[in-house]
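Open your viewer, load the model and keep the sequence panel at hand. The stops below tell you what to select and what to look for once you have it on screen.

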Amino acid sequence: MTRPLDHPRVAFGRIGVLLVNLGTPDESSPAAVRRYLAEFLSDPRVVEIPKLVWGPILHGVILRTRPRKSAHAYQQVWTDEGSPLAAITSRQARALRERMGDRVIVDWAMRYGKPAVSDRFAALQSQGCDRILVAPLYPQYSAATNASVMDAICKALGAMRWQPALRTLPPYYDDRGYIDALARDIGSQIGGLSFNPEVLLLSFHGMPERTLQLGDPYYCHCRKTARLLGEALAPQFPKLRIDTTFQSRFGRAKWLEPATDITIAEEARNGTRRMVLAAPGFSADCLETLEELAIRGRETFMEAGGTDFATLACLNDREPGMIMLENLIRRELGGWI
Ligand SMILES: C=CC1=C(C)c2cc3[nH]c(cc4nc(cc5[nH]c(cc1n2)c(C)c5CCC(=O)O)C(CCC(=O)O)=C4C)c(C)c3C=C
Ligand SMILES: [Fe+2]
Ligand SMILES: [Fe+2]
């Protein structure tokens with residue numbers, strides 16, 4: 001009788017969920033910010049300029065000047081747990097783990113910096129996950145964010161013999177659970193303010209306008225989120241004016257408009273005195289919400305004549321956001337659990 005061949009122990013039969021967000025530096029020093037920016041801005045999904053043209057600009061200009069400026073911004077929002085984006089994403093993963101129980105292994109990763117997508121994806125596989133749901137935490141799809149995450153996953157798959165079955169969380173910009181979570185959370189935060197805002201700006205991260213002509217659905221996703229959210233908030237705040245803007249312009253190309261910073265100044269100059277900002281496209285507070293909106297946005301508004309200003313927190317790991325995330329994840333795991 002021939003004995004079957006043996007092989008090393010291989011774990012299998014588990015289900016994994018990998019939450020992924022953009023990425024952030026390890027430290028707020030100019031050197032660490034430079035490492036992060038070099039990785040981020042070398043991604044052809046993020047800067048769609050031919051490498052021969054972009055390479056000299058990135059290394060000759062951007063990486064010589066921007067790290068110091070950005071490090072200064074990071075230093076203003078840095079916490080005892082490190083970068084807010086990483087700390088909050090880690091807490092979201094922990095909260096989701098508690099909600100999902102033992103049937104799934106929940107982990108988190110950053111597309112740029114650490115923990116790296118390739119490392120955490122491989123770690124799930126080596127713990128026996130032969131079915132993995134990758135969940136980029138971007139409600140609105142863009143090639144710069146969602147497609148870039150999948151590029152990194154595909155690269156990791158390339159190094160695997162026994163590849164796991166793969167699912168990805170679709171963009172959820174118009175999902176009822178997402179809109180309801182935002183409406184409830186924004187509504188209760190506005191209710192807790194010490195002033196009555198005249199206008200609510202919904203600020204989304206910007207993108208080069210050209211990406212819209214190239215077929216990126218990002219702009220339309222943002223507009224639809226804003227419309228649905230406006231409709232959901234209207235019964236509670238019938239007099240509140242709601243406007244949509246795009247922030248964080250980078251480089252010389254034309255970006256999506258209207259720009260958040262310009263709109264903030266114009267509103268104040270045109271007589272608006274009380275303004276509130278929310279950033280529904282960000283799953284977690286980060287440099288873009290805590291520094292660009294909450295600090296610089298306030299300065300812009302006050303200098304232009306405003307009197308009351310607040311930037312609302314993102315959904316982060318609080319109850320409305322976690323209920324939404326658990327429901328999205330459970331739905332996408334249908335048939336697996
Ligand atoms: C070409 C430049 C950029 C594109 C395109 C872009 C798209 C994009 N970004 C986010 C989300 C985040 N971006 C964040 C920081 C950040 N973004 C850019 C540039 C582009 N983003 C830079 C250079 C930086 C770093 C900071 C700086 O130097 O200004 C962050 C915050 C990261 C953190 O550490 O807190 C997020 C989140 C989305 C959703 C998006 C496209 C839709
Ligand atoms: Fe960005
Ligand atoms: Fe459209």
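Start by selecting residues 199-205 and 274-278: these are strand 5 and strand 7, which run parallel and are joined by 4 bridges. Strands here are DSSP runs of E with at least two residues, helices are runs of H or I with at least four, and both are numbered from the N terminus. Two strands count as paired if DSSP finds at least two bridges between them. To see one bridge, pick Leu202, whose partner in strand 7 is Ala278.

Before going on, note that this is a predicted model, in which local features need pLDDT of at least 70, side-chain atom pairs count only at pLDDT 80 or more, and totals for chains, interfaces and linings use all residues. Residues are numbered from 1 along each chain as its sequence is written, while chains are lettered from A and ligands numbered from 1 in the order in which they are written.

Contact means that the C-beta atoms of two residues, placed from the backbone, lie within 7 Å.

For context, most residues other than glycine have a negative phi, and most peptide bonds are trans.

Move to the open sheet with the order 2-1-3-4, which has 4 strands and parallel pairing. Its edge strands are strand 2 (104-112) and strand 4 (165-168), each pairing on one side only. From one strand to the next, the twist averages 25°. Strand 3 (residues 129-136) pairs with strand 4 in the parallel sense over 4 bridges; click Ile132 to find its bridge partner in strand 4, Leu166. Helix 4 (residues 117-126) packs on this sheet, touching strand 1 (14-23), strand 2 and strand 3.

In the loop between strand 2 and helix 4, select Pro115. A cis peptide bond joins Lys114 and Pro115, with omega of about -5°.

**Where the domains meet**

Colour the model by domain: domain 1 is 14-172 + 320-332 and domain 2 is 176-311. These bounds come from an automatic or database domain assignment. Taken over C-alpha atoms, the centres of the two domains are 24 Å apart. Their contact takes 26 residues from domain 1 and 23 residues from domain 2.

For one helix pair, show helix 2 (residues 51-77) with helix 10: they pack at an angle of about 90°, with axes 9 Å apart. Angles of 65 to 115 degrees count as roughly perpendicular, and helix 2 and helix 10 are therefore roughly perpendicular to each other. Ala73, Tyr74, Gln76 and Val77 in helix 2 meet Leu287, Leu290, Glu291 and Ile295 in helix 10.

**Last stop: ligand 1**

Select ligand 1 and the 23 residues around it; Thr24, Ser70, His205, Cys286 and Leu287 come nearest. A residue is in this shell if its C-beta atom, placed from the backbone, lies within 6 Å of the ligand. Helix 2, helix 5 and helix 10 each supply at least two residues of the shell. Where does ligand 1 lie relative to domain 1 and domain 2? Both domains give residues to the shell, so ligand 1 lies between them.

Definitions and conventions. Axes fitted to C-alpha atoms, helices over the stretch in contact; angles between N-to-C directions. Parallel < 35°, antiparallel > 145°, perpendicular 65-115°, else oblique.
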